[in-house]
Amino acid sequence: MAQTFRIRRSASGLLLTLILTVAATACSVKDEPQPIELGKDLCEGCKMAITDGKFGCELITDKGRCLKFDDLSCLFHYIGKNRIDDNKVLKIYVGDYMQPDKLIDIRTAGLVLGNDIPSPMNGGVAAFSDLAVAKKFAIDHKAILLDSWTRLKQQHQE
């Protein structure tokens, strides 16, 4: 009888662990970027169609909602206008300038700010997954390689 009790207790514990694991997995928020459908997806900020993958970007909220933008300036103005707290932003993805169909995490991207970068809303920011390429691009275009994406955010929200 003691052995039967131990087996039932072990099975109950295993079942509880399985239920909690499934519940946690089901409730987890997806923070992966979604493909931007050029010409179809609209910018949350300016409501224009997103047409250039080099500058498209996404904000993933803490609830897993994906908001798409045609330019980082639209994204940051949207955050400021709607007073979105940093703790409500799960991820921000930006289009890789060299691979327009690829979205990269803004925290690891090499961001170049310059007047000669013709982005859709004149934000003038190009993002690169390769930091060496970003540095060369900045030199070639007499632009600034930003040391932090948060500086860009502050500049667009003031």
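**Close-up views of a predicted model**

About 60 Å³ of space lies in the largest cavity. This is a predicted model in which local features need pLDDT of at least 70 and side-chain atom pairs count only at pLDDT 80 or more, while totals for chains, interfaces and linings use all residues. Residues are numbered from 1 along each chain as its sequence is written, and side-chain values use heavy atoms, with hydrogens and water left out.

**View 1. The largest cavity and its lining.** A cavity here is a set of points, on a 1 Å grid over the protein atoms alone, where a 1.4 Å probe fits but cannot get out. Grid points are joined across faces, edges and corners, and a volume is the space filled by probe spheres set on the points. By this rule there is one cavity of 30 Å³ or more. Lining residues, those with an atom within 4 Å of a point, are Lys-54, Phe-55, Gly-56, Asp-71, Leu-72, Val-94, Gly-95, Ser-119, Val-125 and Ala-127. Strands β3 (89-96) and β6 (125-128) each supply at least two of the lining residues. Sorted by class, the lining has five nonpolar, three polar and two charged residues; Ala, Val, Leu, Ile, Met, Phe, Trp, Tyr, Cys and Pro count as nonpolar, Asp, Glu, Lys and Arg as charged, and the others, Gly among them, as polar.

**View 2. Ala-127 in strand β6.** Let us stay with one of the lining residues, Ala-127. Ala-127 has a relative accessible area of 3%, so it is buried (buried means under 20% relative accessible area, exposed over 50%, partly exposed in between, with a 1.4 Å probe and protein chains only). Leaving aside neighbours within four places in sequence, Ala-127 is in contact (heavy atoms within 4.5 Å) with Val-94, Gly-95, Asp-96, Tyr-97, Ile-104, Ala-109, Gly-110 and Leu-111. Ala-127 and Phe-55 are 72 residues apart in sequence, yet their C-alpha atoms are 7.8 Å apart in space.

**View 3. The salt bridge between Asp-62 and Lys-88.** A salt bridge is a side-chain nitrogen of Lys or Arg within 4 Å of a carboxyl oxygen of Asp or Glu, and the whole structure holds seven of them. In the pair Asp-62 and Lys-88, the closest N and O atoms are 3.9 Å apart. This pair links distant parts of the chain, 26 residues apart: Asp-62 sits in the loop between β1 (57-61) and β2 (66-69), and Lys-88 in the loop between α2 (72-81) and β3. Asp-62 counts as partly exposed because its relative accessibility is 27%, and Lys-88, at 40%, is also partly exposed.

**View 4. A network of salt bridges.** Here Asp-31, Lys-91, Asp-105 and Arg-107 are linked. Between Asp-105 and Arg-107, the closest N and O atoms are 2.7 Å apart. What is the relative accessibility of Asp-105? Asp-105 is at 14% and so counts as buried, whereas Arg-107, at 52%, counts as exposed.

**View 5. Helix α3 and its two faces.** Helices (H or I, at least four residues) and strands (E, at least two) are DSSP runs, numbered from the N terminus. The buried residues of α3 are Ala-134, Phe-137 and Ala-138. They lie on the same side of α3 because they cover an arc of only 100° around the axis, the arc being that of the directions from the helix axis to the C-beta atoms. These buried residues pack against β5 (110-113), β6 and β7 (144-145). On the face turned away from the buried side are the exposed residues Ala-132, Lys-136 and Ile-139. Lys-136 also forms a salt bridge with Asp-140, the closest N and O atoms being 2.8 Å apart. Both residues of this pair lie in α3 (residues 131-140), four residues apart, about one turn of the helix. Lys-136 has a relative accessible area of 52% and is therefore exposed, while Asp-140, at 47%, is partly exposed.

View 6. Most residues other than glycine have a negative phi. With 69% relative accessibility, Asn-122 counts as exposed.

Notes. 1 Å grid on protein atoms, 1.4 Å probe; cavity = no way out; pocket = protein on both sides within 12 Å on 5 of 7 lines; lining within 4 Å.
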